Amino acid sequence: PFEGHTFSAGFGVHRQSLPLTAYFEKPGNLDLDFMQSVHYVAGYSVVLSASSLFKVEGYFKDLSHIPIERDKPSYWSFANSGTGFGTVDTPGELVSNGKGKTYGAELSFIKHFDHGWYLTATASYVRQQYKGSDGVGRWGKFDNQYILNLLAGYEYKVSPRLTIETSAKWTSAGGSPYIPIDLERSIQNNDTEYDKPNAYTVRLPDYHRFDIRIDFRFNFEGYSLVSYVSVENLFNRKNLLNRKYDSGKKSIKDVNQIGIFPIGGIKIEF
């Protein structure tokens with residue numbers, strides 16, 4: 001009666017070292033412990049056909065030994081590091097007493113490549129909470145709440161030597177929390193001043209993006225020539241990256257991510 005149905009469960013304890021810069025940025029940070037995450041996972045999947053599958057999975061991660069500020073009450077926690085590009089900055093002397101948790105669920109429908117087409121659709125519920133050295137529970141920087149992805153493609157064989165593949169991807173995600181700027185203090189000090197007591201109480205707008213791609217594959221004896229054209233963010237949506245203080249205009253300025261972005265290329269496969 002359970003043919004094609006699979007139930008799964010898992011448990012694991014994971015420990016991870018910090019980036020080297022975190023240990024050596026301040027003398028007292030050399031004693032920082034490895035961060036720890038205790039994972040609980042359960043899932044169910046069912047085979048719908050020879051090429052299609054449906055899965056649902058839920059998880060909970062208990063986070064501990066997270067670096068937080070040692071000498072003063074603060075919202076800051078290493079649990080929120082890694083959301084931007086570049087180095088990971090630490091505010092001062094740290095201690096591995098921070099805690100947090102992440103939990104959520106994911107639904108997936110997968111149609112493997114068959115009869116010239118494929119499709120993958122996922123819907124994720126994502127939450128993250130943490131506590132800094134001030135002991136206040138907050139939603140974390142990774143708390144997007146939801147992430148939706150849809151990827152589909154179709155392959156058309158024009159001739160034994162030429163194949164054309166078209167694909168499209170749509171992504172939507174909840175806006176991540178961020179630290180608001182204190183405009184009044186920023187104007188007074190002529191520099192960006194953050195409203196740290198209200199850290200992560202506001203969110204960026206939701207993120208949406210639609211990409212398309214066309215591949216032309218020319219098959220020859222022993223190798224293939226592939227050329228492609230891709231247009232990312234086809235509808236030129238102005239997704240917000242962050243907000244910053246503009247000292248010239250004495251106001252808060254929105255900084256958007258890149259808009260429509262065409263890409264093309266050629267490669268040889270042997």
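Strands here are DSSP runs of E with at least two residues, while helices are runs of H or I with at least four residues, and both are numbered from the N terminus; two strands pair if DSSP finds at least two bridges between them. This is a predicted model, in which local features need pLDDT of at least 70 and side-chain atom pairs count only at pLDDT 80 or more, whereas totals for chains, interfaces and linings use all residues. Residues are numbered from 1 along each chain as its sequence is written, and side-chain values use heavy atoms, with hydrogens and water left out.

Select residues 240–246, which are β13, together with residues 251–256, which are β14: these strands run antiparallel and are joined by 6 bridges. They form a hairpin with 4 residues between them, and in the turn K250 has a positive phi of about 55°. Now pick N242, which stands opposite V255 in β14.

Next, select T102 in strand β4. T102 counts as buried because its relative accessible area is 16%, where buried means under 20%, exposed over 50% and partly exposed in between, with a 1.4 Å probe and protein chains only. Leaving out residues up to four places away in sequence, T102 touches Y59, F60, K61, L63, R127 and Q128, contact meaning heavy atoms within 4.5 Å.

Finally, go to D89, in the loop between β3 (52–69) and β4 (94–114). Is D89 buried or exposed? D89 counts as exposed, because its relative accessibility is 55%. Apart from neighbours within four places in sequence, D89 is in contact with E25 and W76; E25 is 64 residues away along the chain, yet the C-alpha atoms of D89 and E25 are separated by 8.5 Å.
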